[in-house]
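The sequence and the coordinates are shown here for reference.

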Amino acid sequence: MGAVAPANAILLAAILFGLGLAGVLIRRNLIFMLMSIEVMLNATGLAFVAGGARWGQADGQVMFLLVLTLAAAEISVGLALILLLQTRRPTLDSDVGNRLKG
Amino acid sequence: MNALFTLAAIVAVISTTMVVTRTVAVHALLYLVVSLLAVATVFFTLGAAFAAALEVIIYAGAIMILFVFVVMMLNLDRDDADRENTWLTPRVWAGPALLSAVLAGELLYAGIAGHGTIVAAREVGPVQVGLALFGPYLLAVELASLLLLAGLISAYHLGRDSGRGG
Amino acid sequence: MQQLLALVPALPLLAAVLLMLAATRIGTNGVRILGVGSVALSALLACRIAVAQIGAGWAVQPFDVTLWHWMRIGDFAPDVTLHLDGLSLVMMLVITVIGFLIHLYASAYLDGDPGYARFFACMNLFVAAMLTLVLANDLLLLYVGWEGVGLCSYLLIGFWYDDPANGRAARKAFIVTRVGDTALISGLFLLATSFGTLSIPSLMQHATTSWPIGTAMPTLAAFLLLGGALGKSAQLPLQTWLVDAMAGPTPVSALIHAATMVTAGVYLIARTHVLFALAPDALLVTGLIGAATLLLSGASALVQTDIKRVLAYSTISQIGYMFLALGVGAWDAAIFHLVTHAFFKALLFLAAGAVILRMHHEQDITRMGGLRTAMPGVFVVFAIGSASLAALPLVTAGFYSKEAILGGAWDSGPSGRLLWCAGVVGAFLTALYIFRLLFIVFLGEQHRHPHGVTGWRIGVPLGVLAILAVVGGGLQTPALLGGIAIMPGILGGVFGSASHEGALALLPLVLASLVPLAGIALAWRWYGGGLASRFETQFTGLLLRGWDFDRAYDRMIVQPLMWLVRVNHHDIVDSFYEGLGKLAQRTHAGLSLSENGRVRWYAGWLAAGSVAALAIAVLS
C-alpha cells in the first residue's frame, strides 16, 4: 500500500478552490453562490488536512474541524437569510441585492 | 492507496465542476454531496480517518440535508432552471472563469514549486486530534462553540421573523 | 503670624470670587463692604506682619511660607512658596495700604455705576494677583501674578466697554505688554533650562557661581527679563499703551497704572538684581532707556490738554527715573522712589478724579480753570502732590527719593554723570509740566462751575495720601539732612548694605534742588501767557502725539502685517490643505462608483486582489 503524497492533495485543494471561486463569481442565484462557498471552504479544509498529514501533526485536522464549524454556522445563517429574502422579495438574484434597504 | 487517491481526486474535480455549472438546484446539490464524499475519501487516503468521518457525517450529512430542506422550501420549478440558463451566457462567465483559473494556476504553481522532496503522508489518528483539541486548542474549541451558538440564535431569529412577517 | 502671610493675597482673591459669583444678590452695600473690607483686612494683616518682622535697625527678618508643591516634572519642581523680605514687605505694604485707600475712594467714585460689583471683583482680583507677584519666591509663581495683573489691567481699562475706543485701548494695552511678556517667558525658559529651577534664591546663587560677569548667558537672560519689565512698566519702546490706558476709571489709573502694576517691572529687576549685576551691558541699557523715557515723556506731558494724559506721561517719566536708578545699581533708591511715587501719583490721580467727577466727567483742562475757590481741599492736596512730584526741596517726599536716585547716578562713574544730567533735565521738565497743569486747572477764570461736594470717602484717601506724600521722604534722607535710614535698613537684607547714603556731594544736591524751583518759575511765566504763543509750533503736535510712536509702529508693524493679511486673504498655506481635502473628495467620488452593492462585483475584486498578491508572493 503506497502512501499518498500530501503535495498532490494540496494541488487538488487548489483546483477545487479555483472551481468554487468560479462558481461564486459566475452564478447569480444566491443558493448556488452559497454552494460554491461550501466548495471553497471544503478545499481550504483539504489543504489543512494535507498539511497535517505532511508533518504527521494533529493541528491540520483541528483546523479542519474549526473550518467545519465555521461552515456550519455560516450555512445556517445564510440559508435562513435566503428563506427570508425569498418570502419578502421573491427573487434570489444577488445582483438586485444593491436595492437592499432597511 | 495512490490509485484510490487519484480516482477520488478525479471524481471530486468532475463533480465540483458539475456543482458550478448545473441549472437545477437539486442536481447541483447531489453533485456537491458526491464531491464531499470524494474529498472524504482523499482524507482517508491521507491517513486522516477522523476528518474523513466528520466530512461524511457533518458536511455530506448534516449541512447538505439543511440545503435540501431549504431548496424544498424555496419551491423552485422549471422556470427557475430556465432563468439560470439565461444567466449563464459565456459573456457572463468568461471573465470570472479566467480570473479563477489564474488564481488556481498560481496556487498550483506555488504548490508544485513549494516542495522540494515528496514526503509520504503520515497517519494522524483521532486520539492525537482529540488530545490537541482539548489541549493547546481548548480556547479555539470554546470560540467555535460560541460561533455555533451565534449561528443558532441568528438562524432562529431570522426564521421566526420570516414566519411572522410573511 | 508668619503663617498668616498667605491670607494677605488670599483675602482679596476670596472677595473677588465671591463678588463674581454673588454680585447681584448682595446689593451695593454688600459689594462695598466685601470689596473694600477685604483689602482693608489685607492691609491690617500686612501692617501686623510688618510690625512683627521689623527688628532692630529696621532690619527685616526674612522668612518663607511653602503652601504646597505645585508640580513635579522630572527635576523641575516648583513650589508655591511665599517669600517675605524687605523688598516684598515694602511692596506688600504699598499695595495693600494704597490699594485700600483707592478702593475706599472708588466706592464713592463709582457710585451708581451698573458695573459696580464687576469693578470691585476685578480690583480685588488685581490686588490678589499683584500680591502674588511680589510675594512669590519662584519666578513661575511671579509670572502667574504678572499675567494676572495684566488680565485685570485689560478688564479694567475696558471697564466701560460700551465705548469701542475703551475696548481698543484695553486691547492695545494687553497686546503691547504681551510683547514684553513674550520676552519675559523666554527669559524664564532660558533660566529654567540653564539651572533646572526658577526659585529666585537658588537661581541667583547658581547665577553668581556659574556665570562670570559680562558673559553672554547672564546678559541674554537679563535682557529678556528687561524686555518683560519694559512692557509692564511702559518704558521705551513699549510705552505707548499706558497713555491710552487712561480710558479706564480714574481709580484704576491710580492703582494699576500709577502706583502698583506699572512698577512691577522695577520690582522684577530689583528682585533679580544679582543677575543684572552680572550683566553690565544690560544695566547700562536699562539706565539709558530710563533716561530716554524720562525725557521724551516728560516733554510730551508739557503740551497735553487731557488732565489724565498729563499724569500718564508723568507716570511713564517717573518710572523712567526708577529704571535710571536701577541702571546705575541704586536698587534701594529705585524702590524708595517707587514708594514715594506711589504716594504722590496716586494722590494726583485721585485728586484729578475728584475734579473730573465734579466737572461732569470733563477731562479737558482748557475747559477748567479757577477751581481753587470752588474746591479748596482738592486744590491743596493736588498742590501737595504736584510739589512732591516736582521734588520741591526739603518738604516733599519726592525730593528725597529723587535725590537718592540722582546721588546714586552721580556716584557711579562717567556714564552715571550723563544719566545724572538727564535726571536733572527731567526734574526741570517735571516741575514745568505739573505746575502748568496745576495753574491751568485751579487758577484764573472759572469757565464752568463744579457741582456737588467731595464726600468723605473721597476726602479721606486724599488726606492720607497727601500726608504720606509729604512725610514719606522721612524714610530715607541724605546725611546732610539728618541721615535717616529706615528704607536702607529695611532693604539692607536684600540689596546688601552698600547703599549710597550720605555719600552725596553738596554741589549736585544743591543744583538738583534748585532745578525744580526754576521749572516752577518758568511754569508761572508760561501760564502768564509770555511763552505760550512762541511754543505753538509744529513741534507741539509731535509732543502731543507722544513723539509719534504710535504712527511709527503703525507704519512699521501694523501696516506690513495688514498688507500680509490682504495678500494672504485666501490663505496660501491653507490652499495646500484644501487641495488635500479636494483630492480626498475626488478620490472618494471615484471610489464610491465601485461601491455598487453587487456581491459578485465585490467578490471579483477580492479575487483579483488575491491574484495580484499571490502573483507578487509566488513570482518574486
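## A loop with two backbone features

C:A234 is found in the loop that runs between α8 and α9 of chain C. The model is a predicted one, and in it the phi angle of C:A234 is near 55°, a positive value in a residue that is not glycine.

C:P237 is likewise placed in the loop between α8 (216-232) and α9 (240-244) of chain C. The peptide bond that leads from C:L236 into C:P237 is cis, its omega being near 0°.

An unreviewed UniProt entry lists residues 136-430 of chain C under "domain: NADH:quinone oxidoreductase/Mrp antiporter transmembrane".

Over all chains, the count of salt bridges comes to 6. In one salt bridge, the side chains of C:D85 and C:R271 meet with an N to O distance of 2.9 Å. Because C:D85 belongs to the loop between β2 (79-84) and α3 (86-109) of chain C, while C:R271 belongs to helix α11 (residues 264-271) of chain C, the pair ties together parts that are 186 residues apart in sequence.

## Chain A: transmembrane annotation

For chain A, an unreviewed UniProt entry gives residues 6-26, 31-50 and 62-85 as "transmembrane region". Residues 6-26 of chain A are 100% helix and 0% strand in the model, with 30 Å between the end C-alpha atoms. Residues 62-85 of chain A are also described as 100% helix and 0% strand, and here the end C-alpha atoms are 35 Å apart.

## Chain B: transmembrane annotation and domains

The "transmembrane region" listing that UniProt gives for chain B, again from an unreviewed entry, covers residues 29-49, 56-76, 96-119 and 131-156. Within residues 29-49 of chain B the model has 86% helix and 0% strand, and the end C-alpha atoms are separated by 24 Å. Within residues 56-76 of chain B the figures are 90% helix and 0% strand, with the end C-alpha atoms 27 Å apart.

The domain assignment of chain B gives domain 1 (1-89) and domain 2 (134-166). Taken over C-alpha atoms, the centres of these two domains of chain B are separated by 24 Å.

## The interface of chain B and chain A

The contact between these chains draws on 76 residues of chain B and 70 residues of chain A. Chain B and chain A bury about 6700 Å² between them, and carbon and sulfur atoms give 79% of that area. Across this interface of chain B and chain A there are 0 salt bridges, whereas 9 residue pairs are in polar contact, counting pairs in which both residues have pLDDT 80 or more.

On the side of chain B that touches chain A, two or more residues each come from α1 (2-21), α2 (25-45), α3 (49-74), α4 (78-87), α5 (90-114), α6 (126-133) and α7 (138-165) of chain B. Helix α3(B) supplies the largest share of that side, namely 13 residues. By class, the side of chain B that touches chain A consists of 57 nonpolar, 13 polar and 6 charged residues.

## The interface of chain C and chain A

The area buried between chain C and chain A is about 740 Å², with 57% of it on carbon and sulfur atoms. Of the area that chain C buries against chain A, C:R598, C:V599 and C:R600 supply 66%, which is more than any other three residues.

Note on methods: Residues numbered from 1 in each chain as written. Chains lettered and ligands numbered in written order. Heavy atoms only, no water. UniProt positions renumbered as here; feature names shortened; annotations may be inferred. Helix = DSSP H or I, 4+ residues; strand = E, 2+ residues; numbered from the N terminus. Buried area = accessible area lost by both parts, 1.4 Å probe. Salt bridge = Lys/Arg side-chain N within 4 Å of Asp/Glu carboxyl O. Contact = heavy atoms within 4.5 Å. Polar contact = N/O pair within 3.5 Å; in protein donor to acceptor, adjacent residues only side chain to side chain. Nonpolar A, V, L, I, M, F, W, Y, C, P; charged D, E, K, R; others polar. Domains from an automatic or database assignment.
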